[in-house]
Amino acid sequence: MEIARRRWRGLIREYRDFLPEVGEEAVVCLNEGNTPLLESRYVPSLVERDIRILFKYEGLNPTGSFKDRGMTMAVSKAKEGGSKAIICASTGNTSASAAAYATRGGMKAYVLIPEGKIALGKLSQAIIYGAKVIQIEGNFDDALNIVRDVAERYPVTVVNSINPYRIEGQKTASFEVCQYLGAAPAYHFLPVGNAGNIMAYWKGYKEFYEMGMIPALPKMMGFQAKGAAPIVLGHPVENPETIASAIRIGNPAGWKGAVAARDESGGVIEMVTDDEILEAYKLLAGREGIFCEPASAASVAGVLKMNRRGIFKDGDTVVCTLTGHGLKDPDIAINSAETPVTVAPRIEKVVEILDL
Ligand code: F0G
């Protein structure tokens with residue numbers, strides 16, 4: 001029997017026809033994309049209606065978050081345009097991804113992060129991939145303002161989601177969802193921080209719809225953390241606070257686009273508390289076997305919240321994006337679970353503890 005060869009070549013090559021053109025020699029790729037869409041085995045039992053829930057597990061991208069989809073596109077275009085350096089502000093994941101893709105593409109990465117407010121895994125990534133990491137005595141919003149100013153005056157390409165190529169790359173996640181399901185889901189739930197991803201998913205769904213590839217569009221359901229919910233409140237939040245540090249943002253750059261995605265799709269942008277986020281986070285790991293970071297769990301917290309409002313009906317398909325891997329933020333995992341017991345190195349001692 002001959003071996004059937006299957007090779008995923010990264011999303012620029014796989015979705016060439018649906019993306020801005022980029023010359024083959026400029027493609028900067030770590031084989032991002034093609035992430036699993038996992039059937040939920042537990043969450044539907046908490047929902048009043050007979051619905052199907054699936055998790056788009058974006059933590060399985062090369063640097064552990066969905067940012068790699070946008071970064072392959074943005075960095076490839078920067079390289080094609082002759083840029084020697086990229087810059088971003090970040091709550092952590094964008095910096096990890098930018099650092100990796102810059103290195104891969106032979107460019108420099110400068111990343112500005114809020115001091116003391118990014119998860120350990122993300123910081124370690126940015127450093128080890130070789131980015132120049134600058135901690136700002138301020139928050140993400142302050143860092144992004146500086147990044148915009150620097151890029152106006154110096155020869156460096158911004159790779160935050162204000163760079164339209166980021167959105168182009170990220171929209172491929174909705175293509176993958178549609179191809180897996182054979183249609184769009186009824187609802188797409190995701191966390192909202194700087195509000196690029198909700199726009200990107202919506203753009204992807206709309207493009208497939210306009211090409212006649214899917215018969216209907218989903219409702220976009222975005223969730224902010226209660227202490228960092230400017231879109232829900234209708235005004236910027238000066239000192240955003242949440243345990244979900246990835247979405248600790250008070251004045252999202254993608255505000256308008258997120259509102260458009262919400263309104264055009266007939267969806268919502270709502271908030272969930274840190275307790276609701278942590279509950280969903282623990283449930284995903286402990287009941288589903290899926291370890292995501294706290295911000296990602298805001299999508300599932302959103303499903304549980306909307307269930308209490310009674311929005312679902314039998315037969316609905318619901319997709320939740322789990323935006324980043326749980327290993328990004330080991331401190332929260334350790335603080336949220338039981339501490340391992342320590343015993344003498346003897347079988348009786350170990351057996352005493354096991355309930356066999
Ligand atoms: N989930 C995770 C894990 C994130 O890192 C982010 C954003 C979001 C959700 C929200 O996505 O900004 O497109 O609305 N992280 C950015 C960063 C801000 O710098 O890594 P968004």
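1. A quick definition to start: helices are DSSP runs of H or I with at least four residues, and strands are E runs of at least two, numbered from the N terminus. The structure here is a predicted model, in which local features need pLDDT of at least 70 and side-chain atom pairs count only at pLDDT 80 or more, while totals for chains, interfaces and linings use all residues. Residues are numbered from 1 along each chain as its sequence is written, and side-chain values use heavy atoms, with hydrogens and water left out.

2. How many cavities of 30 Å³ or more does a search of the whole structure find? The search finds two. A cavity here is a set of points, on a 1 Å grid over the protein atoms alone, where a 1.4 Å probe fits but cannot get out; its lining residues have an atom within 4 Å of a point. Points are joined across faces, edges and corners, and a volume is the space filled by probe spheres set on them.

3. The largest cavity has a volume of about 300 Å³. Its lining has 26 residues, with F66, K67, G193, N194 and A246 nearest the centre. Helix 3 (93-104), helix 6 (164-170) and helix 8 (197-210) each contribute at least two lining residues. By class, the lining holds 11 nonpolar, 12 polar and three charged residues. For that count, Ala, Val, Leu, Ile, Met, Phe, Trp, Tyr, Cys and Pro are nonpolar, Asp, Glu, Lys and Arg are charged, and the others, Gly among them, are polar.

4. The second largest cavity holds about 30 Å³ of space. Around it are E276, E279, A301, L304, K305 and R308. Four of the lining residues are charged and two nonpolar, with no polar ones.

5. On to the ligand, which 20 residues surround (a heavy atom within 4 Å). The closest are S90, N93, N194, A195 and T323. Backbone N or O atoms lie at 2.8 Å from a ligand oxygen for T91, 3.1 Å for G196 and 2.8 Å for N197. Taken alone the ligand exposes 470 Å² (Shrake-Rupley, 1.4 Å probe), and the protein buries 99% of that.

6. Finally, A333 sits in helix 13 (residues 330-336). Beyond its neighbours within four places in sequence, A333 is in contact (heavy atoms within 4.5 Å) with Y281 and F291. A333 and G234 are 99 residues apart in sequence and 32 Å apart in space, C-alpha to C-alpha.

Notes: On a 1 Å grid over the protein atoms alone, a cavity is a set of points where a 1.4 Å probe fits but cannot get out, and a pocket is an open set with protein on both sides within 12 Å along at least five of seven lines; lining residues have an atom within 4 Å of a point. A polar contact is a pair of N or O atoms within 3.5 Å; within protein, one must be able to donate a hydrogen and the other to accept it, and residues adjacent in sequence count only if both atoms are side-chain atoms.
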